[in-house]
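Visitor: I would like to go through this structure with you, one topic at a time. Could you show it to me?

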Amino acid sequence: MHQHSRLRLTIIYFFAAVLLIGTVGPFLWLVSSSFQYERQLLNRPPQWLPNPIVLNSYREIFEGAVLGEESGVPYQSRIFLGSFGNSFAIAGSVAVIAVVVGSLAAYPLARLNFRGRNVLLFGILASRLIPALSLAIPIVLVAKQIGMSDRLITLVFINLSFVLPYVIWLLQSYFKTIPMELEDAGRIDGCSRLQVVIRIILPLARPGLTSAAILAFLVAWGEFLFALLLSETPASYTSTVVVSLFATDVDVSFVSIITAGVVSVIPPIVFALIFQRYIISGLLSGSLKG
Amino acid sequence: MLSSKKLIVLLALFMLLIGSVALAQDDGLKLTGWPYEVDVVTENLGRFTDQSGHDAVFLPFPSNEYRDKMVASFVAGTEFDVAYVRDSYLAEWAAAGWILPISGLEGADELLADLPAGIIEQMSYEGEVYGLPYYSGVQTMAYNAAHLAAAGIESPPATWDEMLEQAQMIKDAGVVDYPILMQLRSGENYLLREWETLTAARGGRLFDDDFNPLFQEEGSAAWQALDWLTQGLDMGVIDPASITDDDGTLLMMAGTTSFMTTTDYTLKAMNDPEQSNAAGDIKNALIPGTDEVRSGTWGYVRLYSITNNASDKDAAWQLVQFLGGKDATGVYYVPKRWALEFGLGFSPAPLYEDEEVRNSISGWIDPDLLSEQSEYAISRPYRFVPFFSDWEIGSWGPLQAAILGDADKGDVLAELADEWNELKDDWGY
Amino acid sequence: MQSEHAATRKEMSQGALALIFSAPAVLIIAATILVPFGIAVFLSLHNWNLKRPGRERFIGLENYTDWLTDSDFWQPLQTTFTFAIGAVLVIVIISLLVALLLNEKFPGRGILRALLLVPWAIPSVVNALLWKWLLNPQYGLFNAIWYDLGIITEYQNVLGSMPSVMIWLVIAYSWIHIPLATLLLLSGLQTIPGDIYESAIVDGAGLFQRFLYITLPMLRSMLSIVIIFEMIFALKVFDIIFVLTAGGPADATNVLGWTIYTETFRKLDFGAGSSIAMLLGAITLGMAILFYVFLDRGVEQ
């Protein structure tokens with residue numbers, strides 16, 4: 001038995017290593033590049049490891065954020081960390097609201113028998129079928145007309161409308177897998193529908209809810225098009241907008257872009273690290289034993 | 001799992017963050033553009049405020065998406081008073097009524113009198129001038145002198161045929177795999193511009209002054225230009241990556257390309273030791289010609305324009321004059337500063353004679369060769385019709401196919417000429 | 001009679017319940033999308049070119065019929081489907097394997113699960129830069145690696161010709177999209193009760209048999225969702241094309257998303273841009289319904 005599990009672990013770690021190289025490998029190149037001089041990015045053969053280790057782009061981002069104009073750091077680097085606040089507020093609100101509102105909407109789609117179920121299901125999805133590019137200008141137009149441009153709350157709503165269809169589809173599919181008997185038992189005990197959802201469905205659907213929250217957070221964190229089109233002042237720039245500001249028409253600071261990219265990855269990964277432990281089921285636990 | 005109480009607290013926290021972003025609603029002038037040297041622009045605006053009493057703020061957007069951002073902004077009703085504009089989409093913005101002509105405004109004639117006719121033409125649409133220049137210049141040739149020396153070549157090529165020969169020598173000497181990079185990618189900054197350079201430097205143009213296509217005529221300079229590209233690709237001296245590469249400057253800086261045609265200011269980055277592995281080796285030369293034609297090129301302008309939503313048009317015009325022309329003391333303060341401290345090309349005639357400006361750029365480009373190059377600039381009035389980009393977008397695929405030998409050049413060019421003529425009729429030009 | 005009456009009453013109350021429960025989500029989506037969508041439909045029925053102010057007019061379905069009779073629609077449509085089929089296959093197969101791996105219990109699994117999201121978390125601008133650098137034919141990393149491994153004797157420009165350009169677009173796109181698909185499949189795997197596997201092991205079922213007869217059928221619902229989502233994303237592909245090839249070489253990667261962009265933002269022809277977007281939307285909806293009927297309905301029956 002012990003032999004068997006060691007073999008199993010060896011196989012698992014082999015594939016885990018392959019996976020790690022595939023997903024994190026290219027990212028490590030970004031990390032390595034962020035510690036290099038601009039010209040070293042163009043070396044042939046490539047400069048795999050930084051030599052020497054250049055901290056300048058990181059220094060600029062952090063010093064610029066703390067000292068502001070006094071730091072003498074370029075504008076883009078100065079405002080970068082500040083824009084994290086905006087991105088975090090948007091992505092956080094979107095994740096929380098999407099999961100709450102999304103699970104409410106997903107429940108009847110999964111559990112109730114009503115006319116127009118499929119119309120609702122596909123109606124929700126249909127809102128995502130038109131490419132964002134062709135809705136972009138109408139959305140900006142409407143936002144401007146009703147005085148909602150250059151506001152973060154508008155970006156929260158737009159991101160919500162983007163992720164909710166996916167969240168609802170995901171959750172309704174997940175809720176369906178929860179045995180009906182558990183819910184019936186709750187109903188017999190006198191729970192209302194809402195109580196059933198809160199006390200029985202949601203705790204059992206933790207892995208699904210977590211996935212939905214991570215999905216919503218990441219989509220909103222990375223959203224660029226509407227963040228760009230709806231912002232009018234630097235106060236409402238999100239981090240994705242600021243990362244793009246390093247291209248200036250006359251020159252591009254690649255190392256700064258890469259550094260900003262590397263730093264941008266940290267919040268969503270921390271978010272995922274905190275929440276990923278919920279992607280294991282409670283009652284329904286089980287795994288593919290090899 | 002998070003309890004619902006925690007959820008509510010969390011949400012409240014996020015909402016607080018969202019609410020904390022104050023909307024900066026000031027009444028001053030709003031200038032927008034791409035984010036080149038934001039602090040310098042802001043400093044300049046401070047000087048403007050001191051001199052004029054008008055508050056002004058610079059609100060930049062990413063350069064690669066600037067055009068798209070502004071299209072959305074204009075459609076929704078823009079809040080900016082003055083905006084940077086590139087000559088490549090000036091005609092469209094003017095046709096849509098998004099930017100306003102400055103012709104006839106007080107002081108305009110005096111400032112325009114200092115500008116070369118070619119620059120004014122590139123800021124004009126249907127006879128009206130739409131702004132004053134931010135920076136301007138011409139397309140020139142950059143080459144890696146070290147590569148040439150390593151292959152025993154003494155001077156850069158004077159003709160296109162010579163360029164292929166030299167490239168073959170460089171390749172044979174094992175210096176680089178593909179000595180020539182041509183920018184043939186789809187996109188308004190690449191294929192058509194390269195084709196125009198190659199055509200101009202063979203003494204031709206794509207269209208005549210009445211907007212009639214010339215390229216489809218057999219043996220035309222434009223046709224020869226495509227043949228030359230095919231020949232170079234077949235010989236293996238033009239980099240096959242030319243078809244998709246989006247930044248040849250990087251290849252020059254990597255030291256893996258020997259020749260490319262490029263915008264003048266890019267030589268600065270190519271010779272910057274912090275950015276470039278080939279710093280010091282990159283020189284400018286005249287764009288090659290033929291046995292009969294010495295050279296050819298075209299110019300570009302970035303300009304400041306007043307938008308259709310400018311709340312105070314007089315103040316906006318003052319700002320444009322300050323940025324693109326003279327300040328209150330009567331000197332070209334902002335253009336000179338860009339030229340002197342940042343090497344950006346300038347247009348006003350008085351600056352050409354300014355010794356200080358001349359000396360400042362000689363570290364990374366040969367000013368004499370550059371000014372000779374600009375003498376060969378052709379005018380391209382056909383670019384300042386509103387349907388040019390409609391035609392251009394459809395031309396990329398077929399032209400690439402023709403260059404790669406996947407389609408017959410004659411057929412492609414005839415069809416592109418037909419498409420142009422259809423658009424021309426449709427627009428009543 | 002009485003039971004039928006009761007059934008109707010029950011259905012009505014369930015309908016009302018469904019309405020109340022789904023109201024907040026529907027309202028948020030509608031408030032954001034409905035008017036802009038209406039504007040887009042309106043524009044698609046008009047001759048509406050921003051460069052020709054004052055000449056806007058209603059032309060019915062003319063924009064649509066123009067597209068449907070134009071190879072500028074059918075050619076990109078074919079390219080879009082080629083790309084989408086390739087991308088969905090790669091994403092679904094790889095993320096299924098990864099999800100199975102990450103569903104195993106082993107020390108370090110939590111960190112690996114979080115790190116898996118890295119490609120998705122990189123800002124799109126930086127991702128674009130990354131792939132440009134990976135694939136560059138001169139200073140590119142992949143070329144250097146292949147060269148050192150002896151796979152190639154000369155640096156290659158993989159984006160310069162078909163079919164390699166399509167293959168690499170699919171790879172770059174999939175790399176970014178695999179994390180989402182894996183995340184969804186991983187949560188789907190949690191719904192399979194462990195005791196099923198245990199009894200299967202007792203019955204002598206091997207690893208592959210357990211996958212085929214237990215995992216796959218029980219994952220079917222989530223798998224179909226993943227396929228539908230990824231197909232919707234892939235049919236709308238634009239970003240990666242915009243950055244790596246701009247539709248080239250010679251229109252080989254000209255997808256509908258790119259056409260929509262050039263019509264709307266470059267030609268400023270909002271009528272043509274909106275109508276082709278509607279066509280793509282309709283095609284995507286058709287595909288989603290088709291997939292749903294084939295994949296998800298099968299589960300319920």
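Visitor: Where is Met70(B) found?

Guide: Met70(B) lies in helix 3 of chain B, which covers residues 66–76. Helices (H or I, at least four residues) and strands (E, at least two) are DSSP runs numbered from the N terminus. Please note that this is a predicted model, in which local features need pLDDT of at least 70, side-chain atom pairs count only at pLDDT 80 or more, and totals for chains, interfaces and linings use all residues. Residues are numbered from 1 along each chain as its sequence is written, while chains are lettered from A and ligands numbered from 1 in the order in which they are written.

Visitor: Is Met70(B) buried or exposed?

Guide: Met70(B) is buried, because 24 other C-beta atoms lie within 10 Å. A residue is buried if 20 or more other C-beta atoms lie within 10 Å of its own, exposed if 12 or fewer, and partly exposed in between, with C-beta atoms placed from the backbone.

Visitor: How many residues apart are Met70(B) and Thr32(B) in sequence, and how far in space?

Guide: They are 38 residues apart in sequence, and 9.2 Å separate them in space, C-alpha to C-alpha.

Visitor: Which domains does chain B have?

Guide: Chain B is divided into domain 1 (29–137 + 300–378) and domain 2 (138–298 + 385–427). These bounds come from an automatic or database domain assignment. The centres of the two domains of chain B, taken over C-alpha atoms, are 28 Å apart.

Visitor: At what angle do helix 8 and helix 10 of chain B cross?

Guide: Helix 8 (residues 160–172) and helix 10 (residues 221–235) of chain B cross at roughly 10 degrees, and their axes come within 11 Å. Axes are lines fitted to C-alpha atoms, for helices over the stretch in contact, and angles run from 0 to 180 degrees between N-to-C directions. Helix 8 of chain B is therefore roughly parallel to helix 10 of chain B. Angles under 35 degrees count as roughly parallel, over 145 as roughly antiparallel, 65 to 115 as roughly perpendicular and the rest as oblique.

Visitor: Which residues of those two helices of chain B meet?

Guide: Trp160(B), Leu164(B) and Gln168(B) of helix 8 meet Trp228(B), Gln231(B), Gly232(B) and Met235(B) of helix 10. This contact has 4 nonpolar, 3 polar and no charged residues.

Visitor: Moving on, how many helices and strands are there in chain C?

Guide: Chain C has 13 helices and 2 strands. Of its 301 residues, 52% are buried. The C-alpha trace of chain C spans about 75 × 70 × 30 Å along its principal axes.

Visitor: How do helix 8 and helix 10 of chain C pack?

Guide: Helix 8 (residues 164–189) and helix 10 (residues 207–235) of chain C pack at an angle of about 160 degrees, with axes 9 Å apart. They are therefore roughly antiparallel to each other. Their contact divides into 10 nonpolar, 2 polar and 1 charged residues.

Visitor: How many residues does the contact of chain A with chain C take?

Guide: It takes 92 residues from chain A and 85 residues from chain C. Helix 6 of chain A gives the most to the chain A side, with 13 residues. That side has 63 nonpolar, 22 polar and 7 charged residues.

Visitor: What is Pro138(A) in contact with in chain C?

Guide: Leaving aside neighbours within four places in sequence, Pro138(A) is in contact with Pro36(C), Ile39(C) and Ala40(C). Pro138(A) belongs to helix 5 (residues 132–145) of chain A.

Definitions and conventions:
Contact = placed C-beta atoms within 7 Å. Nonpolar A, V, L, I, M, F, W, Y, C, P; charged D, E, K, R; others polar.
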